[in-house]
Amino acid sequence: MAAIIDIKDLTKTYEDRTVVDHLNLQIEEGEIFGLLGPNGAGKTTTLLMLTTLKPPTSGTALINGFDITKRPDKVRKSIGIVFQEPSTDEILTGYENLKLHGWLYDMPDHLLKERITDVLQLVNLTDRKDDLVKRYSGGMRRRLELARGLMHHPKVLFLDEPTLGLDPQSREGLWRYIEKLAQEKNMTIILTTHYMDEADRLCNRLAIMDKGKIVVLDTPKQLKANLGGDIVRLKAPHLDQERLKALPYVKKISPCDGELCLTVENASSHLQEILTLVGKVDSVEVRIPTLDDVFLHYTGKALKNSDAQGGWTSGPMTGEANE
Amino acid sequence: MSELKGIYALWYREFKVFTRERSRVVSSIINPLLWLFIIGTGLGSFLSFGPVGYQAFLYPGILIMTSLFSAVFFGVYIVWDKKVDFMKEVLVAPMRRTSIFIGKILGGSTDTLIQTMILIVIGIALSFAGILQIHFTVLSILVTVVFLFVITVGLCAIGLIIGSQMESPEGFQLIISFLIFPLFFLSGAIFPIYNQSGVLSTIVLVNPVTYAVDGMRGVLIGRGPQLGQFDPWLDFLVITIFSAIMVAIGTYAFKKMKL
Ligand SMILES: Nc1ncnc2c1ncn2[C@@H]1O[C@H](COP(=O)(O)OP(=O)(O)OP(=O)(O)O)[C@@H](O)[C@H]1O
Ligand SMILES: [Mg+2]
């Protein structure tokens, strides 16, 4: 099966800064694909190029078989997007915003009414539908944008930080709806998010982007497995990092929130030895890795406290892990 | 079919926004009326052109002023709109750019025409009350409205062309200084056009707004050296060609428009 999205060398340069750098990526139909990355990684820019709103500096992409630079009109017929920035009309009511969307996408009247009822219910705005959007709260406005993006059931749906600012119930509801769309309608969904739990729960595959490039791409499960062990988090008065590093099953040592995090192969059977070596500990925690660990590992952006003073660092943590 | 629905959607949106922003509408009517009464009465005490008072002479100019400010600003506003508002949603929709442009033009022209229509109604009331010496007849009103419509479409298109090509709203003030004011002051809207010197009179003659003012003044007041100076058909031809060209350029500009 040919990929529904085929990105080829997609590049965007602003003046002398390359914000999306020769991106290559294939996404299959029906996939929920996550695009993660720190602020400014180039996620939104990538989505804006794929949705034909920004011209690439070079390279291109095929969406549903159509080239985004040559047949933007055909591409737009196949896609839907929920923007990171608000794009609903404040001077219209929620209902009017949805109705206009249906008209712009040429939905037949009966389907339009049915879908509006559906999505309003989904985002729990039915009783506020006739209020002007400027009287909505921030989260309500976000929910309306989502409802609008989901309304016309495109082949490919782009969601740029869809759940930013949503309360837990709304997030949960949205997740279920997204899963349903992918399963029942075979819709392809590309989403960006800063919530790792969301990415973990929803995405079939994830790409982590940094500085315009894909750093790593895999299933959430594999990404976690690739870290090569469990996370042991230690707090102790005297920590001898050199001796810990020398242990063969310690894959990586990195500071986390003023404590030390070790990536340890098969931690449960080695814990005793580690503790003996460290001596007195204030606290210890062993857990299986989460996507947060994966994210930190590949992007290295975290509040580090390596010198006991604390401070922001953003250099990549060239780990000792998984050679 | 689908394109028509989209065009209707855009028009509907503009119309709703217009009817809900009452204060904007009120100020767009009050400003021209202030001109008519303050400038019209002030200068009218020692100025008159042709057989009528200055206020009547100024009246067609005031209609044009409303159209000019309202239509051009409407168009240029999309520079904001595409950044923070609804325009982005429209630009990813499966509609032709040409249809988006047409929807915008229709929406903006409707807003502007409603405003000028209100001024026409006020004008008729004033002329009945004997304050304004203008002959309103069915024909003269009809011709005035047609002139206003045609020129408004062209002006709206100019605004949209500029707005679609601008990337940030910074140049906004410049548009007022270098486009709207010259088009207004050098159109014969507030003084007759024949007694101006070389360069200025050339500008007056290439300014399409001149012909809209001239045509309306000819039919609302009369023709003569200080009133309607050109053949009304010539006036009409000029503004039609102007608007057609602007619409053509605008269609092209919209095809090239990016965020
Ligand atoms: N119009 C523009 N002109 C110049 N630089 C821009 C422009 N738009 C975006 N950038 C730059 O491109 C880079 C990528 O921005 P982008 O919005 O794609 O990041 P992102 O991954 O979506 O980040 P976030 O998580 O904060 O949303 C940033 O460095 C940003 O400053
Ligand atoms: Mg972004």
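Okay, let's start with one residue: Q84(A) has a relative accessibility of 30%, so it counts as partly exposed, since that label covers values between 20% and 50%. Keep in mind that everything I'm showing today comes from a predicted model.

Why begin with that glutamine? Look at the magnesium ion, ligand 2. Which atoms coordinate the magnesium ion? They are OG1 of T44(A) and OE1 of Q84(A), at 1.8 to 2.1 Å. T44(A) is partly exposed as well, with a relative accessible area of 26%.

Now find those two residues along the chain. T44(A) sits in helix α1 of chain A, residues 43–50, while Q84(A) is in the loop between β6 (79–82) and α3 (94–104) of chain A, so this pair ties together parts that are 40 residues apart in sequence.

Let's follow that chain into α3(A) and see what it packs against. As a general point, a pair of packed helices is described by the angle between their axes and the distance between those axes. For α3(A) and helix α5 of chain A, residues 138–151, the angle is about 25 degrees and the axes are 10 Å apart. Because the angle is under 35 degrees, we call the two roughly parallel. The residues making the contact are G94(A), N97(A), L98(A), H101(A) and G102(A) on the α3(A) side, and L144(A), A147(A), R148(A) and M151(A) on the α5(A) side. The crossing of α3(A) and α5(A) is right-handed.

Over to chain B for another helix pair. Helix α3 of chain B, residues 54–76, packs with helix α6 of chain B, residues 97–128, at about 155 degrees, and their axes are 9 Å apart. Are these two roughly parallel or roughly antiparallel? The angle is over 145 degrees, so α3(B) and α6(B) are roughly antiparallel. Their crossing is right-handed. Among the residues in the contact are Y59(B), L63(B) and F74(B) from α3(B), plus G107(B), G108(B) and L119(B) from α6(B).

First, L227(A), which you'll find in the loop between α8 (220–226) and β11 (230–235) of chain A. Is L227(A) buried or exposed? At 4% relative accessibility it is under the 20% cut-off, so L227(A) counts as buried.

Second, K8(A), in strand β1 of chain A, residues 5–14. K8(A) is partly exposed, with a relative accessible area of 37%. Setting aside neighbours within four places in sequence, K8(A) has contacts with L23(A), N24(A), G59(A), T60(A), A61(A) and L62(A). For K8(A) and D210(A), 202 residues apart along the chain, the C-alpha atoms are separated by 18 Å.

Last topic: confidence. Chain A has a mean pLDDT of 88, with 93% of its residues at 70 or more; for chain B the mean is 89, and 98% reach 70 or more. Where pLDDT is low, the predicted coordinates should not be read in detail. For the complex, the predictor gives an ipTM of 0.86 and a pTM of 0.85.

Definitions and conventions. Residues are numbered from 1 along each chain as its sequence is written. Chains are lettered from A and ligands numbered from 1 in the order in which they are written. This is a predicted model: local features need pLDDT of at least 70, side-chain atom pairs count only at pLDDT 80 or more; totals for chains, interfaces and linings use all residues. Side-chain values use heavy atoms; hydrogens and water are left out. pLDDT is the predictor's confidence in each residue, from 0 to 100. Helices (H or I, at least four residues) and strands (E, at least two) are DSSP runs, numbered from the N terminus. Buried means under 20% relative accessible area, exposed over 50%, partly exposed in between (1.4 Å probe, protein chains only). Donors are N, O and S atoms within 2.8 Å of the metal (3.2 Å for Na, K and Ca); water is not among the atoms, so sites may look incomplete. Axes are lines fitted to C-alpha atoms, for helices over the stretch in contact, and angles run from 0 to 180 degrees between N-to-C directions. Angles under 35 degrees count as roughly parallel, over 145 as roughly antiparallel, 65 to 115 as roughly perpendicular and the rest as oblique. A crossing is left-handed if the near helix is turned anticlockwise from the far one by less than a right angle, and right-handed if clockwise. Contact means heavy atoms within 4.5 Å.
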